[in-house]
Amino acid sequence: MDAGILRDQLADLSKGVFISMPIGTVLAALILAVQLLSGGGLAAVAWFAAIALVNGARVVLALAQSGAADERQQAVVVRLSLYGLLALASGVAWSFLALLSEGYTTAQAPLYLIMLAGTSAGSVTYCTSHAPASINFITLPLLTAAACVLAQGGVENDVLGFTILLFLGGMIRGALLGQSRFRETSRFKYEAREFAAEMERNSRRDPLTALLNRYGLEQAIAGLGLSDGPFVAMLIDLDGFKSVNDTYGHTIGDGLLVKVARRIEDHAPQVATIARIGGDEFVLLFSACRSPQAAGELASSIIAAIANPDPELNSVRVGASIGIYQADKPQLTEMLLKADFALYAAKRGGRNEYCLFDADLDAALERRNRIERDLRGAIESGALCCWFQPLVRLDTSAVVGFEALLRWQHEVRGAISPPEIVTAARETGLLSLLTETVFLNCCAMIAELVRQGRPDVRVAMNLSPRELEAGNVDDMILDGLKAQNVPAAMLEIEITEVAPVDRDRVGQKVGRLADAGISIVLDDFGTGFSTLVSLKDSRIRKIKIDKDFVRDLAKSVEDQAVVEAVIGLGRRLGIEVMAEGVETDADRMILRSLGCMIAQGYLFSPALPMRDALAFDAAAAEVIFEPLRNPRSGNAA
């Protein structure tokens, strides 16, 4: 900072020279002219020549400074000293004005004193950044003038001499104050620059691990050259980190993140870029040609290092999953997107796995992107709609209900599965629109059933508690039933759970729907997070045994025992029990013998367009759909 302040002083002093030197030279020329007119001779010319020579040297020094703005501190000190010496030389020359005016006794003496005072004041004004430059100049001439005036005696001369000394003192004080203020202003400037630079550095760094953050990663990638490619991006996500925070607290969790950061650094190739871009997400970016290890080998070593047990975490084991993407050009958005896609492919394989983004994943990503891009258009055009799978009584083969299932035949990608549709809707923020579309399809089906005089047939739609928790689906359904003028008793809501939610909030909304007369069905019972506790909820009117227990039921004694127990529980609690995924006549017979009277599955019919579903006759169609059974499709399609 001190070096910068000195450079600022030198730069300001050099600028001031181009103003003060011409003024000083003009004043000296006026004095020369007065001297020549009053009979002065060679001495006045010699005096003016000395003044001009010193002023010229100061201008040359200033011109040399304009091309050397970034000099080292020692060179700056030398130049400032030269300015001080030249100012002193100029002051000595101006002191000889006393000789030209015979000790300031000639008739021109008052004029010379005024000009001396003017040039002294100008020196202080234009040299405020460096006090010695002005003090060296003004001190000797003004002291000489005061001495000459005081030597003449008399009250007027004494007052004038004292005034000159006061003027000198004021000028010296002004020069020192000016320098102090200039240095203070310059210091503030550099402190502000340093603070801004520190803020800029901090804006690029993660304060916990000292790694780059996402912004810093963007800046680092922007500085990479294509000649260093290809580039490998590894997206590292910790497995089990949430359990660390939940069990040991965030302080221990933060400490673990720091340790993980150091372990990644220890295994990273030289000149690699490492960043923390999320809570427990890290990015490792490096040039493939500069890494001594292949990407897969490096990923394995990093996973092993992170999974190494930590003595502070006795009850929790933390691992890592890694997605890897290699590209010729370092483009952050593309690299993170594809590394993230590979990461989740790795997570599907279990903990402590890595996955390289390859052609298959590229095709899958393109499929997902295409689905997400076209989803809204498909909903609005009606290309995405619901088909209805019949629910059949096993004793009479009567159709007692339908389940609405999503269907979308994409013009390029073919049939899009319901899980893909729901995932795309969630990612694009269209889940509420999708749910409303399903609901309106169900309302249309109910309206047709009413028109046909079949008020005892119900239509079921699937609804996730996450939708109930996050939105106003209950309002949409209740308001929609009134607007469509269809009976609430003919609508069923099948709720299945795949993750814990706010049970109180969900329960409140389920209560509103149940109070309106809508039947609440617990779907996929026996799997996921659906538990026996759910059966205590008096609003549950039906449970649906998951297809995993029903498929090949006739061949599994264990599955038969589970199904029989669930049917018994339902009977005791007054809850209707049905089965999904029935695909063989043997499974149907077993279910009937166990007391389950309602089922759905490919044995009876796949999902059908609304018109075909309304015309469906289970007894007549059972043989027709027998060849269409697909053991792997079940009811999920």
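Which strands does α8 lie across, and at what angle does α8 run to β2? This is a predicted model, where local features need pLDDT of at least 70, side-chain atom pairs count only at pLDDT 80 or more, and totals for chains, interfaces and linings use all residues. Residues are numbered from 1 along each chain as its sequence is written, and side-chain values use heavy atoms, with hydrogens and water left out.

Now the answer. α8 lies across β2 and β3, and runs at about 155° to β2. Axes here are lines fitted to C-alpha atoms, for helices over the stretch in contact, and angles run from 0 to 180 degrees between N-to-C directions. Helices (H or I, at least four residues) and strands (E, at least two) are DSSP runs, numbered from the N terminus.

Next, the sheet. It is open, with five strands in the order β2-β3-β1-β4-β5 and mixed pairing. The edge strands are β2 (273–276) and β5, each pairing on one side only. On average, neighbouring strands are turned by 15° against each other, direction ignored. Two strands pair if DSSP finds at least two bridges between them.

Take the pairs in turn. β2 and β3 run antiparallel, joined by four bridges. There, Thr 273 stands opposite Leu 285 of β3. β1 and β4 also run antiparallel, with nine bridges. Phe 231 has Ala 327 of β4 as its bridge partner. β4 and β5 run parallel, with three bridges. Ile 322 stands opposite Tyr 354 in β5. From β4 the chain crosses through α12 to β5, and this β-α-β crossover is left-handed. For reference, a right-handed crossover is one where, with the strands pointing away from the viewer, the path from the first strand over the helix to the second runs clockwise.

How many of the nine residues of β4 are buried? Eight of them, so β4 is mostly covered. Buried means under 20% relative accessible area, exposed over 50%, and partly exposed in between (1.4 Å probe, protein chains only).

On to α12, residues 332–348. Its 17 residues should span 24 Å at 1.5 Å a residue, and its end C-alpha atoms are 24 Å apart, which agrees. The expected span is 1.5 Å times one less than the number of residues. Buried residues of α12 include Leu 332, Met 335, Leu 336, Lys 338 and Phe 341. The buried residues pack against α8 (214–222), β1 (231–239), β3 (281–287), β4 (319–327), β5 (354–356) and α13 (359–381). Contact means heavy atoms within 4.5 Å.

What follows α12? Gly 350, with a positive phi near 115°. Then look at Asn 352, in the loop between α12 and β5. Its phi is near 55°, positive in a residue other than glycine. Most residues other than glycine have a negative phi. Asn 352 is partly exposed, because its relative accessible area is 33%.

Asp 552 also has a positive phi, about 60°, although it is not a glycine. Asp 552 sits in the loop between α19 (547–550) and α20 (557–573). At 39% relative accessibility, Asp 552 counts as partly exposed.

Last, the cysteines. The structure holds zero disulfides (a disulfide being a pair of cysteine sulfur atoms within 2.5 Å). Cys 386 is in none, and the nearest cysteine sulfur, that of Cys 442, is 5.6 Å away. Is Cys 386 buried or exposed? Buried, because its relative accessibility is 4%. Cys 596 is buried too, at 0%.
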